[in-house]
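I opened this notebook to record what I looked up in the structure. The entries follow the order in which I consulted the model.

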Amino acid sequence: MSGEKERRAPDDMRTSDLYPDAAVLVEDLTLVIGDTPIFERVSFVVNRGETAMIIGPNGAGKTMLVRTMLDLLPPQTGTVTLLGKDSRCLGSTRDRIGYMPQRLDFDRTFPITVFEIMLLRLRKSGFWLNRKAKRKTVLDALTRVHAERLVDRRIGRLSGGELQRVLLAYALLLDPDLLILDEPAAGVDVAGEDTFYELIHHIRTERHLTVVMVSHDLEVVFKYADQVLCLNRELLCQGVPGAVLRPEILEKTYGSLAASYRHHHEHPDEHDLEHDREHDREHDPGAGGTERR
Amino acid sequence: MTDLLSFLQYPFMQRALLAVVTVGFLCAVVGVYVTLRSMSFFSDAISHSALAGIALGVLLGIDPVVAAVVFCVVVAAGITFLTVRTDLTSDTVIGVFFSGSMAVGVLLIGLQKGYQTDLLSYLFGDVLAVNNLDVALSLGLAAAVVASLFRRSTLLIKIAFNRDLAAVEGANVVAWDYAFMMLLALTVAVSVKIVGIVLVSALIIVPAAAARNIASDFRRLMGIAIVIGLTGATVGLVASYYLDTASGPTMVMVVILIFIVTLVAGRRR
């Protein structure tokens, strides 16, 4: 990738041409809401098949960054290219992008079943008729996330974990190439979180998906991310977690909170011992730059 | 049975039946989306703004229903515009337009000479005064509104469910806000002559609300709301004929009774 950067581009060449493998290309992105700068001059590349995780403290602008990438918020400067298309005019490329918002905000009394929610994503086929024909497609998608038994349940009556599974199935329904997930395990109980991340990891490996994920959990980052992006109003680091997540970077990212994160990693609680040993093996400094698995 | 249907020998009752069936169906379909989007207050405001439109129509000598359609659409656009473009909550904006358009309506009525029986019939509806043009207008508009709602139902349901998901999938959410409010304004305008300004929003809200008490999925919600709307309209009309009561309030009372039944039935499940 760094070799690509040095190649000289003719003037009429777009930056995206320089990164033929990029699934996500964010260039010089700045978001200001009212008079408040949310984040400034953020640039990064996520190559096809990679998992990139965005970390940072509360209020660092992680969700806003994801929302800007998806053209839900208009940036002051900069551009976002998703799967080779400018995010402001994605057209049919939208079907190749799966999105899972953080804690989906909806009316819990909305009388709609999981099956019907999934039908909303299969937009060309209509909502009212020929439901039997679409049931198999929907059941297949739900089976992938082990949620097939929820198909006829009312969406408002699902537990936090069940809802996240359904939303993941929804995001995966059209067989996307790119998955953008904002804290996908929010609302999942602690015991279920690990399984949920494993599930995402399994699906992305199986389908060669590119994943961009906001996460608050450094363990998850060490375990699954090919690339980590530390955000706190600006991009403070990017690279392989084992190589870039140094104490001074964490301190810069999280400010005073860093101490507690470091503490967590250097003196793991009993139930985390297992995971942390794995990390120690995994982010052996020699592994920087290549894919860890 | 033939006795019960004897009222159908009168042409004005045939027109009335056709009009209430159209309006009952239309209001029920629109009402499902209105309740999902929590826009009951908005539909109330639009229906009350029809008063000013009708008064303006009478004053200028144009068809009051046509004037009401135009005025309702303008008010709906105004509310949507201010809600999108200012920091005011939609609740506040609707409140301003609600009282403002009522005041304009009452002032315009004051400009008329003499006592306005015709205007008063618009307040509570007069289905027996419905003429052929009214029936044709409501049938045409109802067909257009229902067709657009069903054609784009996937999108409209998605927007009502979660705006971000809809936007990420390419929906122009704000444009659809305007479009939906226009459809609602049209629905109100074609319904006011039949059920009246004061009661039209009941015919929109109550069937959907009653259906929501017992429906387990969205398709049933829509189906049940339509059945309740049609039942309320026809039973209400027939009852008002035999009981010699005002048709608009009778129709509303029928759907309210159904609402109470579904509320109890839904609780018991």
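**Entry 1. Terms and conventions.** I count two strands as paired if DSSP finds at least two bridges between them. Helices (H or I, at least four residues) and strands (E, at least two) are DSSP runs, numbered from the N terminus. I note that this is a predicted model, in which local features need pLDDT of at least 70 and side-chain atom pairs count only at pLDDT 80 or more, while totals for chains, interfaces and linings use all residues. Residues are numbered from 1 along each chain as its sequence is written, and chains are lettered from A and ligands numbered from 1 in the order in which they are written.

**Entry 2. Strand E9 of chain A.** I looked up the pairing of E9(A) with strand E10 (residues 235-239) of chain A and found four bridges, with the two strands running antiparallel. Within this pair, A:Cys230 has A:Cys237 of E10(A) as its bridge partner. The two strands form a hairpin with three residues between them, and A:Arg233 in the turn has a positive phi of about 70°. E9(A) also pairs with strand E3 (residues 51-55) of chain A, here in the parallel sense and over four bridges. In that pairing, A:Ala52 stands opposite A:Gln227 of E9(A).

I then asked how many of the residues of strand E9 (residues 227-231) of chain A are buried. A residue is buried if 20 or more other C-beta atoms lie within 10 Å of its own, exposed if 12 or fewer, and partly exposed in between, with C-beta atoms placed from the backbone. By this criterion five of the five are buried, so the strand is largely enclosed by the rest of the structure. Both faces are covered: A:Gln227, A:Leu229 and A:Leu231 are buried on one side, and A:Val228 and A:Cys230 on the other. In a regular strand the side chains alternate between the two faces of the sheet.

**Entry 3. The open sheet of chain A.** I traced four strands that form an open sheet in the order E2-E1-E4-E5 of chain A, with antiparallel pairing. Its edge strands are E2 (36-47) and E5 (85-86) of chain A, each of which pairs on one side only. Strand E1 (residues 22-33) of chain A pairs with E2(A) in the antiparallel sense over eight bridges. A:Val24 stands opposite A:Val46 in E2(A).

**Entry 4. Chain A as a whole.** I recorded 12 helices and 10 strands for chain A. Of its 293 residues, 37% count as buried. Among the contacts in chain A with a separation of 6 or more, 63% are between residues 24 or more positions apart.

I checked the confidence next; pLDDT is the predictor's confidence in each residue, from 0 to 100. The mean for chain A is 80, and 81% of its residues reach 70 or more. Over residues 1-9 of chain A pLDDT stays under 50, and the model has six contacts beyond four places in sequence for them. Residues 262-293 of chain A also stay under 50, with 25 such contacts beyond four places in sequence.

**Entry 5. Contact between the chains.** I found 18 residues from chain A and 19 residues from chain B in the contact. The chain A side divides into 12 nonpolar, one polar and five charged residues. Here Ala, Val, Leu, Ile, Met, Phe, Trp, Tyr, Cys and Pro count as nonpolar, Asp, Glu, Lys and Arg as charged, and the others, Gly among them, as polar.

**Entry 6. B:Tyr33.** I located B:Tyr33 in helix H1 (residues 11-36) of chain B. Is B:Tyr33 buried or exposed? B:Tyr33 counts as buried because it has 21 C-beta neighbours inside 10 Å. Leaving aside neighbours within four places in sequence, B:Tyr33 is in contact with B:Leu149, B:Leu156, B:Ala160 and B:Phe180. The C-alpha atoms of B:Tyr33 and B:Ile204 are separated by 9.7 Å, and the two residues are 171 residues apart along the chain.

**Entry 7. Positive phi values.** Most residues other than glycine have a negative phi, and most peptide bonds are trans. I noted A:His208, which is not glycine and has a positive phi near 55°. A:His208 lies in the loop between helix H7 (190-207) and strand E8 (210-214) of chain A, and counts as exposed because it has 9 C-beta neighbours inside 10 Å.

Notes
Two residues are in contact if their C-beta atoms, placed from the backbone, lie within 7 Å.
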